[in-house]
Amino acid sequence: MTNKLVIENLKHRWVRTLLSAAAVGVQVTMILTLVGISFGMLDDLGRRSRGAGADILIRAPGSSIISLSTAPMPEKILDFLRTIPNVAIATATTVQPMGGTNTVTGIDLDAFSRMSGGFRYVKGGAFQKPDDILIDEYWSRQYGLKVGSVMKFWNREWNVCGIVEPGKLSRVFLPIRLAQELTGNTGKITSIFLKLQDPSQTAATIAAIKQQLTDYQVFSIDEYVSLLSVDNVQGLKWFIYVVIGVAVIVGFLVVFLSMYTAVLERTREIGILKSLGATPGFIVGILLRETVILALTGSVVGIALSFATRWAIMNLVPGSLTQMIVPNWWPIAAGISLIGSLAGALYPGWKAARQDAIEALAYE
Amino acid sequence: MNNGKDHLIAVTGLKKIYRMGDVEVAALRGVDLNIERGEFVAIAGPSGSGKSTLFYILGGLASATAGKVLIDGKDLAGMSDSERTRVRRELVGFVFQKYNLLPTLSALDNIGMAQFIAGKPAGTEGWFRQALDLLGVGHRLQHKPRSLSGGEQQRVAIARAIVNQPALLLADEPTGNLDTENSEIVLKLLRDLNQKTGQTILMITHNPEAAAYAHRTIHMRDGRILESGA
């Protein structure tokens, strides 16, 4: 009978019910979208890092594992690394911003091809002229670029000379020398990739490198990819916490206002229930059940909306961010919205429970 | 003292003082009242006479400032809020001037809600089916209040009030919102209920014609009972 009253109450004010559920849904979407982008970007980075075909990755001392650009290491280190036993190929990249969150990666095409097994060209071929760049299929599809298309960045026009299969380190490539020269980073590199003669000796090789490059970050590729988690990226975890906090406040306020209005509107009904002998707990229980239904409905809406945001990011903002659908976070986001919603229902519930029955029955 | 009579209600020296800011307003100034089990009593009086306050105290909706209020042997005067809630659930049924049905539930569910709150199984079988026939709303139970006329709503409210077989049925101006024809129907129903089931009824009214349906009428003024007569 209580559930019937709860459902009928929600149906009676269906516009408010839908709006409240939608607002809770937005809260859930905020969380799922942010988490999905974080996971998606890291997963994408991990897969492409593996695709480079290297066994060891070296980054500058103190640099973040996902720093997107800068060239803080001297290129001369490559000469030293090539002297380390078991190192078959040592090649470097420079990663530079090309606008927004997008980057372009400078590579030594020959060395990179030997390390990764070489690009598979879907269309076109390798660099021929000084203004040639390579893009992957994803980039080509997202921006509608073909071989011969022109891309503009760094105040220059670039000619797409080839489209390669995705999954190898980056999405946009140009020769490393050109990238260093045009960005004023001659002799400087962002990352170093090592291919080993015997990958089973990776740990021993890393130990040998660390003896000389004591402050540098030297990872096996497996270790590096395993570090690409939210917990290991400086600031990202706290950024997610802040967004979750904002989402909780939004959910709290939405449900607070919705339930506060509901209690005011239903003052007389609360009086009627009290005249029938309903306890304060019974009346609070009705509001809390309504809140739970709103939060759960909102969570389903939010999960559905997270697919919509993924579609929008993929289709309306080409080549920008990668959003993953993270089902593990569905119950977490739903739980967060439920907590925020229940917190929002507490004061209205308390107000309803303390409502004077006589005043409530006289309420117009 | 019950003088050998079976008093369902025994009120002695009942006072109620409302505090409005720094001002104290005495709504009841020492009321003594006995009502026997099975009686149909009307309480009449002008606005401000204290009849509604008496109604609320007898129904466990308000507390007394002083005095003794025994209903079915239980003293409401010293009860906590939760104890008075139990009294409303177990001993009293209310009928209000404005019907006060839950608008989102059907007539049947309004009745079912009263049963649910009282911890009794839902259903309209047995004696209650006869009561519904008497009230003439058996065929309208699936409708929500907005689809019922005022008279029908009030009859559903009466059905809800008696479904748990309360010791006392309290009716506050039950015909106040009804036309003459429906008023007569409702008053006759209350009288029939009293006669056929022995339901004790206390009805607040300012209408002498309505009061005439009761066994006796208690007149109030300025928070006191003036007289009690047939």
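A residue is buried if 20 or more other C-beta atoms lie within 10 Å of its own, and exposed if 12 or fewer do. The exercises below use this cut-off on a predicted model.

**Exercise 1. A pair of helices**

Task: State how H11(A) and H12(A) are oriented to each other.

Solution. 
- Step 1. Helix H11 of chain A covers residues 280-316, and helix H12 of chain A covers residues 329-353.
- Step 2. Their axes come within 8 Å and cross at roughly 150°.
- Step 3. Angles over 145 degrees count as roughly antiparallel, so H11(A) and H12(A) are roughly antiparallel to each other.
- Step 4. The hand of the crossing of H11(A) and H12(A) is right-handed.

**Exercise 2. The sheet of chain B**

Task: Which strands of the chain B sheet stand at the edges?

Solution. 
- Step 1. Write down the order: the open sheet has 4 strands, S2-S1-S4-S5, with antiparallel pairing.
- Step 2. Strand S2 (23-36) and strand S5 (74-75) each have a single partner strand, so they stand at the edges and one side of each lacks a neighbour in the sheet.
- Step 3. Check one pairing. Strand S1 (residues 7-20) is joined to S2(B) by 11 bridges, and the two run antiparallel.
- Step 4. As an example of facing residues, B:Lys15 is opposite B:Arg29 in S2(B).

**Exercise 3. Helix H3 of chain B**

Task: Which helix gives the most to the side of chain B that touches chain A, and what do its buried residues pack against?

Solution. 
- Step 1. In the contact between the chains, 22 residues of chain B meet 17 residues of chain A.
- Step 2. Helix H2 (81-90) and helix H3 (107-117) of chain B each supply at least two residues of this side of chain B. H3(B) gives the most, with 6 residues.
- Step 3. Of the 11 residues of H3(B), 8 are buried, so the helix is largely enclosed by the rest of the structure. Among them are B:Ile111, B:Met113 and B:Ile117.
- Step 4. These buried residues pack against helix H1 (2-12) and H11 of chain A, and against H2 and H5 of chain B.
- Step 5. Just after H3(B) comes B:Gly119, with a positive phi of about 75°.

**Exercise 4. A residue in H5**

Task: Is B:Gln154 buried or exposed, and which residues is it in contact with beyond four places in sequence?

Solution. 
- Step 1. B:Gln154 belongs to helix H5 (residues 150-162) of chain B.
- Step 2. B:Gln154 has 31 C-beta neighbours inside 10 Å and therefore counts as buried.
- Step 3. Leaving aside neighbours within four places in sequence, B:Gln154 is in contact with B:Tyr99, B:Pro174, B:Leu178 and B:Val186.

How values were computed
Residues numbered from 1 in each chain as written. Chains lettered and ligands numbered in written order. Predicted model: local features only at pLDDT ≥ 70, side-chain atom pairs only at ≥ 80, totals over all residues. Contact = placed C-beta atoms within 7 Å. Pairing = 2+ DSSP bridges. Axes fitted to C-alpha atoms, helices over the stretch in contact; angles between N-to-C directions. Parallel < 35°, antiparallel > 145°, perpendicular 65-115°, else oblique. Left-handed = near helix turned anticlockwise from the far one by under 90°.
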